Amino acid sequence: MDDIIANALLDSAILAPSGHNSQPWKFRVGEDCITVMPDFSKRLYMVDPLDREIFISIGCAVENICITATKFNLKALVEIKDNNVDIAFERCTDIVASPFVSFIAKRQTNRNIFDNTLIHKSIIDHLSSTGAKLYSRGSKEFDIVKSFVKLGNSAQMKDKDFVNELKEWMRLNETQAARELDGLSYDVIGAPNMPSWISRPIVSLMLNVAMQNRSDMKKLQSSPFIAAFDGQDDMAGWIETGRRLERFLLIATSHNIACAFINQPCEVESLAVELGRQLHLQQKLQILLRIGHASPSKRSRRRPREAFIVDDM
Ligand SMILES: Cc1cc2nc3c(=O)[nH]c(=O)nc-3n(C[C@H](O)[C@H](O)[C@H](O)COP(=O)(O)O)c2cc1C
């Protein structure tokens, strides 16, 4: 595998979504393989105490590598070893480039209010092919999820340590966002570019149950569908969920469908169990998204490729 191919594969991995945009991955590049490793220094102790979201994010990055490999006639063979994912590549002339390669760079989390319009049934069928369950606005399940998002907000916003961790990952203005190249930047969450001494107290005032519920209910009401992902509740299952999630997000992007996470109920153990039961999911609830049509959001930043490469030769 030459450098051009290796770099293209890594660049696609880095564009994957991750909890709080923590970018919790590292890569080791070998002769004909890439090892994707979790970067535990990016742990989110409060929102993700079991590293569940780290491994879902790793799964998204792995899926991007496998999809991009097809562009170079490479077949990707994925094997989980300890905490790591080994991806071996085999040249295979009959491999067709995936139609999703070009959507990896276009995919984004879009936290805007959606425009209310419905989604065509053929698109819903395409999205459902990933195994995600889709619930339309007005259905009993959609309303159940809404009530659990409120319960999730209550649990999280009343937890000082959760709020402090969230604040640590917020990038309040351009200077901070451009310096850190990670986290939740002001423009992506729709805030103005202001000095920290002005925005910090405003953010503190806004991070409360009532304001979070008001904003989330408005956003959910503008979304014609919610998608729920269940999966095996261990490391291999989380990686697999991440791969399915990324496929879903790329299919959505290819149809110009916006996606945003409404994960609060998945992040509070008792709520995830109870909501999964009420939705009659076969496995543990892992991810919740709202989907719809919306104008594009600002793009979130990434650290440079070199920051993620482990070279222990
Ligand atoms: C496992 C996982 C959990 C996430 N949870 C949330 C969430 O609860 N709320 C949210 O707004 N975004 C959530 N996100 C989206 C990330 O914040 C987003 O991927 C990151 O900021 C990078 O932005 P991008 O997706 O536009 O590239 C989550 C992403 C992943 C992979």
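The shell around the ligand draws residues from both domain 1 (3-107) and domain 2 (121-292), so it lies between them; those bounds come from an automatic or database domain assignment. Keep in mind that this is a predicted model: local features need pLDDT of at least 70, side-chain atom pairs count only at pLDDT 80 or more, and totals for chains, interfaces and linings use all residues. Numbering runs from 1 along each chain as its sequence is written.

There are 16 residues around the ligand, and Pro-17, Asn-21, Thr-109, Phe-261 and Asn-263 come nearest (a residue counts as near if its C-beta atom, placed from the backbone, lies within 6 Å). Helix α2 (residues 52-69) gives the most to this shell, four residues; helices here are DSSP runs of H or I, at least four residues, and strands are runs of E, at least two, numbered from the N terminus.

Now for the packing. In soluble globular proteins, nonpolar side chains tend to be buried together. Here the largest nonpolar core has 64 residues, with Val-36, Ile-65 and Ala-227 making the most contacts inside it. A core is a set of buried Ala, Val, Leu, Ile, Met, Phe, Trp, Tyr and Cys residues joined through C-beta atoms within 7 Å, where buried means 20 or more other C-beta atoms within 10 Å of a residue's own, exposed 12 or fewer, and partly exposed in between, with C-beta atoms placed from the backbone. Helix α2 supplies the largest share of this core, 11 residues. Both domain 1 (3-107) and domain 2 (121-292) give residues to this core, so the core lies between them as well.
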